[in-house]
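Here are my notes on the model you passed along. Have it open while you read, and go through the points in order.

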Amino acid sequence: MSGKAETFALVGNPVEHSLSPIMHNAAFRVMGINARYITLRADTAADAVRRIAASDIRGGSITIPHKVAMVGCLDHISDSAKSIGAVNTFVNRDGVLHGDNTDWIGIVRSVKESMTAIAGKTVAILGAGGAARAAVYGMKKEGCIPVILNRTERNGMKLAEEFGCAYHSLGDIKAVQADILINTTPVGMEPETDNSPVSVDVLKNFTWVMDIIYNPLRTTLLREAETAGCSIINGLSMFVHQGAEQIRIWTDRAAPDEVMKEVVAKALNR
């Protein structure tokens with residue numbers, strides 16, 4: 001590889017904990033692409049866009065808490081990202097910033113790896129942020145029936161109304177039965193790994209429990225769900241699938257997803 005390396009970045013706050021740089025830099029090496037992936041901490045979406053525009057950043061990822069706000073800050077938004085109302089991927093094309101969303105693809109592919117048929121399944125989704133929006137969008141595309149569970153009623157009801165699905169307060173979760181429970185909140189993420197978004201006694205209402213958190217791989221939610229007899233899906237597969245789709249968007253080439261999964265798993269095991 002010769003010439004100046006292209007720069008890609010993870011934009012959010014916080015970003016220091018993320019394994020995205022390990023995953024994407026490994027993929028670039030295997031693909032023979034002269035590029036580097038860095039972290040860019042930004043307090044607001046508008047601040048992030050200003051810093052991207054003033055730099056040579058070619059593209060990157062958007063994470064908490066800017067996924068929703070970024071929709072109104074970029075120059076062009078894909079149809080799927082518009083429908084979701086959140087962006088997790090961007091490309092800088094000659095100064096024009098294009099936004100997209102690969103979270104929904106990561107969630108759908110991860111669930112379908114574990115469950116061969118998901119159409120018609122009821123899916124309870126914890127949260128009302130950008131990842132929850134992606135989960136609702138993806139599950140609806142697959143013919144599932146999403147149900148929103150969120151602590152803040154205003155946000156939960158707004159999301160449910162936008163996508164035409166049911167909403168229940170998190171306090172009423174005992175009344176909800178579903179084939180799958182998907183946690184899209186950061187509750188249980190490193191370093192606060194002892195926390196769970198729901199009490200253990202409600203987990204019997206779900207056959208499958210998925211946590212999109214990948215660090216740690218076995219969150220408190222997943223450990224308790226397994227004890228309750230649920231089948232579980234950790235966040236590693238979703239993380240890799242959404243990242244592989246990002247690379248396809250940035251480079252128009254297929255990503256080495258098995259390599260990406262391997263390097264992230266090794267980092268987590270350390």
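Before the first point, a word on helix axes: they are lines fitted to C-alpha atoms, over the stretch in contact for helices, and angles run from 0 to 180 degrees between N-to-C directions. This is a predicted model, where local features need pLDDT of at least 70 and side-chain atom pairs count only at pLDDT 80 or more, while totals for chains, interfaces and linings use all residues. Residues are numbered from 1 along each chain as its sequence is written, and side-chain values use heavy atoms, with hydrogens and water left out.

1. Start with α4 (residues 103–114) and α5 (residues 130–141), whose axes come within 8 Å and cross at roughly 55°. The two helices are therefore oblique to each other (under 35 degrees is roughly parallel, over 145 roughly antiparallel, 65 to 115 roughly perpendicular, and the rest oblique). Their crossing is right-handed, that is, the near helix is turned clockwise from the far one by less than a right angle. On the α4 side the contact (heavy atoms within 4.5 Å) includes Trp-104, Ile-107 and Val-111, and on the α5 side Ala-131, Tyr-137 and Met-139 are among the residues involved. Helices here are DSSP runs of H or I with at least four residues, strands are E runs of at least two, and both are numbered from the N terminus.

2. Next, have a look at α9, residues 257–269. Its 13 residues reach 18 Å from first C-alpha to last, close to the 18 Å expected at 1.5 Å a residue (1.5 Å times one less than the number of residues). Which residues of α9 are buried? Met-260, Val-264, Ala-267 and Leu-268 are (buried is under 20% relative accessible area, exposed over 50%, partly exposed in between, with a 1.4 Å probe and protein chains only).

3. Most residues other than glycine have a negative phi, and most peptide bonds are trans. Glu-190 to Pro-191 is cis, with omega near 10°, and Pro-191 sits in the loop between β10 and β11. Asn-215 to Pro-216 is also cis, omega about 10°, with Pro-216 in the loop between β11 and α7.

4. Finally, Asp-94 is not a glycine, yet has a positive phi of about 55°. Its loop runs between β5 and β6, and Asp-94 is exposed at 83% relative accessibility. Asp-252, in the loop between α8 and α9, has a positive phi of about 60° and is exposed at 66%.
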